[in-house]
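Have the viewer open and follow along.

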Amino acid sequence: MVNCPTCKVRHNIHLGEKRRIIVLSTSTLHNTFLNPVCKSSFHFDLETVCGGRLQQLHKLWQHYYNKPGPPMDVVISAGLNDVARMLPDQFLSLAEKFRSDVMLNNTDNTFTMVGLMFPPKLTWFPYNASSPPQGHIDYREAFTTINEQLRILSVYPDNWVSFESEGCRSIKRRDPATGKKVSVTQHNLSATYWREYPHLDRALHLAEPKRAMLISRITRYLEFNMSPENITTLQRRAERRDKPPPQVININEMNNDSINNFFIQLEDPEYDYEFEF
Ligand SMILES: [Zn+2]
């Protein structure tokens, strides 16, 4: 038995799954399941390497997962530590190699690469509320090229999961040439969105609890695309029937103290929760 951080219940190590779901990431998703709002209704493995690069995650997968067994769904969220160090084509050929190795393991496997987030450290929008930090290099073009190809490379390009709009917003601006209002993108430059704020030259991670939403987006992506019989759903849904109605938590209103208190409450089996994002 393990105290599973993903499902937040005790369960057997071997679940007898028909498929295995494996999410590999860098610091972007590191320890997201320590945040109490992150709870999945089905089990998956989340392995992260802080500062990790795509090739390292590929090696990790080869070492731990490239074995005979049930088919697996591999979801990779990585790239922020690679983009400034190589050309988009080089990054994409590493992603393609990773995908082809996953498919060689079992033709029923699936491979998804999550669309890259645009962090202020590596990208800057012309309509941002302030000027970029001194010496800033804008890799937006590389990010856009990579994301276009990662969508095509992924198993469900029409129902893809991408972090490209995380920490950003769309605003209306009047186009000086035509006089018409047009939508433009800018970063949300505040501590609510970026962990490293106000040090934007280092801003590479979303703030808590925004970061918690990333793993929730992956679980929703998996739930949407996977047929229910392929997901090992634990029996907690049935167990909940006799409990009081769920408490609604708005995670945008949570601060560090309320998150800690909530984490203590979560241990109490009498409580059940639903989350608003
Ligand atoms: Zn689990």
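The buried residues of helix 1 pack against strand 3, strand 5 and helix 2. Contact here means that two C-beta atoms, placed from the backbone, lie within 7 Å of each other. Helices (H or I, at least four residues) and strands (E, at least two) are DSSP runs, numbered from the N terminus. Before going further: this is a predicted model, in which local features need pLDDT of at least 70 and side-chain atom pairs count only at pLDDT 80 or more, while totals for chains, interfaces and linings use all residues. Residues are numbered from 1 along each chain as its sequence is written.

So who does the packing? In helix 1, Leu54, Leu57, His58 and Trp61 are the buried residues. Look down the axis of helix 1 and these buried residues fall within an arc of 105°, so they line one face of the helix; the arc is that of the directions from the helix axis to the C-beta atoms. As for the cut-offs, a residue is buried if 20 or more other C-beta atoms lie within 10 Å of its own, exposed if 12 or fewer, and partly exposed in between, again with C-beta atoms placed from the backbone. Turned away from the buried side of helix 1 is a face that carries the exposed residues His63 and Tyr64. Lysine 59 also sits in helix 1, which covers residues 54-64. It counts as partly exposed because it has 15 C-beta neighbours inside 10 Å. The C-alpha atom of lysine 59 is 9.2 Å from that of phenylalanine 98, although the two are 39 residues apart along the chain.

Four strands make up an open sheet in the order 4-3-5-6, with parallel pairing. At the edges stand strand 4 (45-48) and strand 6 (110-113), each with a single partner strand, so one side of each has no neighbour in the sheet. Neighbouring strands of this sheet are turned by 15° against each other on average, direction ignored. Two strands pair if DSSP finds at least two bridges between them, and in general strands of a sheet pair through backbone hydrogen bonds, either parallel or antiparallel.

Strand 3 (residues 20-25) runs parallel to strand 5 (residues 72-77), and six bridges join them. Axes are lines fitted to C-alpha atoms, for helices over the stretch in contact, and angles run from 0 to 180 degrees between N-to-C directions. Strand 3 is also joined to strand 4, by four bridges and in parallel; there, leucine 24 stands opposite glutamate 47.

Next comes helix 3. Its buried residues are Ala142, Phe143, Ile146, Asn147 and Leu150. Seen down the axis of helix 3, they fall within an arc of 125°, so they line one face of the helix. Helix 2 and strand 6 are among what covers them. The face of helix 3 turned away from its buried side carries the exposed residues Glu141 and Ile152.

Most residues other than glycine have a negative phi, and most peptide bonds are trans. Tyrosine 197 and proline 198 are joined by a cis peptide bond, with omega about 5°, and the bond from glutamate 208 to proline 209 is cis too, with omega near 0°. Proline 198 lies in the loop between strand 8 (181-187) and helix 4 (210-225), and proline 209 is found in the loop between strand 8 and helix 4 as well. Lysine 8 has a positive phi, near 60°, and lies in the loop between strand 1 (2-4) and strand 2 (9-11). Phi of asparagine 31 is near 60°; that residue is in the loop between strand 3 and strand 4.

How confident is the predictor? The protein chain averages a pLDDT of 86, and 82% of the residues score at least 70, where pLDDT is the predictor's confidence in each residue, from 0 to 100. Over residues 234-243 pLDDT stays under 50, and the model has eight contacts beyond four places in sequence for them.
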